[in-house]
Amino acid sequence: MKTVKIVAAMLILLLFAVIHWVAPEFLPEIFELLRHGDIQETAEYIKSYGEMAVVFSFLLTLFVNALGFPPAIIFSTANTLIFGIFWGIVISVAAETVGVTISFLLLRFFFRDAAAKLISKSTFLTSIDKYSSQKGFMVMLIARMVPYIPSGVLNAVGALSSLNLREYFLASLVGKFPSTGIEAIIGHDTIMQQEDNTRIIVVVILAIILIVGAFWYERKHVN
């Protein structure tokens, strides 16, 4: 397994090397964009891809959420500026969910075994790990629903817990809608100097409906 992990890490590095070889300017531009964290600059850069802007935005948002930084609000807000409130949120939620799921898989692949050994040596950590397998879905769902929580932290917590992939994916998909929606709307209205509380109220109402649905799902399907 150690050899497999080394090979996997080398393949990931090789992927970045190939991207840099094919388009030498691409990665420096992206990392400079991430370093600045300027929402309007990000929106203009995405728009520069023309008809492929939606695809590029999806992949960029996915990549950032897989990394866990910088804050996803930069990209969700940029998406609303380019594609409008509704489609901007839809694209962002979809891309963020795929991104955090990739992060979950990679972190679990590389670090879960080491974490399991550490957990097995502690009664306290074992009880927490057991709780995560029983109630992890609701904990992750609620955590994802809270705006401005760093995605990287939740990615790591989920990967090192006993939460299974299906529950993690569903908790992230459902939970990201209200948090991403609220972040994106506030960011959009701040930049555009607009204010429409109706949209926030709609997101909150939908979030409540999603929470009720999640409780039903947990009772019926989770453990």
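Trainee: Hi! Which helix is Ser103 found in?
Mentor: Ser103 sits in helix H6, residues 85-120. Helices here are DSSP runs of H or I with at least four residues, strands are E runs of at least two, and both are numbered from the N terminus. This is a predicted model, where local features need pLDDT of at least 70, side-chain atom pairs count only at pLDDT 80 or more, and totals for chains, interfaces and linings use all residues. Residues are numbered from 1 along each chain as its sequence is written, and side-chain values use heavy atoms, with hydrogens and water left out.

Trainee: Is Ser103 buried or exposed?
Mentor: Ser103 is buried, at a relative accessible area of 5%. Buried means under 20% relative accessible area, exposed means over 50%, and partly exposed is in between (1.4 Å probe, protein chains only).

Trainee: What is Ser103 in contact with, leaving aside neighbours within four places in sequence?
Mentor: With those set aside, Ser103 is in contact with Asn65, Ala66 and Asn155. Contact means heavy atoms within 4.5 Å.

Trainee: And how far apart are Ser103 and Leu67?
Mentor: From C-alpha to C-alpha, 7.0 Å in space, while 36 residues separate Ser103 and Leu67 in sequence.

Trainee: New topic! At what angle do H2 and H3 pack?
Mentor: Helix H2 (residues 26-36) and helix H3 (residues 39-47) pack at about 155 degrees, and their axes are 9 Å apart. That makes H2 roughly antiparallel to H3. The axes are lines fitted to C-alpha atoms, for helices over the stretch in contact, with angles from 0 to 180 degrees between N-to-C directions. Under 35 degrees counts as roughly parallel, over 145 as roughly antiparallel, 65 to 115 as roughly perpendicular, and the rest as oblique.

Trainee: Which residues make that contact between H2 and H3?
Mentor: H2 brings Phe26, Glu29, Ile30, Leu33 and His36, and H3 brings Glu41, Thr42 and Tyr45.

Trainee: What about Thr42, buried or exposed?
Mentor: Thr42 is buried, with a relative accessible area of 0%. Beyond its neighbours within four places in sequence, Thr42 is in contact with Leu33, Ile74, Phe75 and Ala78. The buried residues of H5 include Ile74, Phe75 and Ala78.

Trainee: What follows H5?
Mentor: Gly84, which has a positive phi near 95 degrees.

Trainee: Last one: which elements have the lowest and highest mean pLDDT?
Mentor: Helix H7 (residues 123-145) has the lowest, 72, and helix H5 (residues 73-83) the highest, 90. The pLDDT is the predictor's confidence in each residue, from 0 to 100. The protein averages 80, and 86% of the residues score at least 70.
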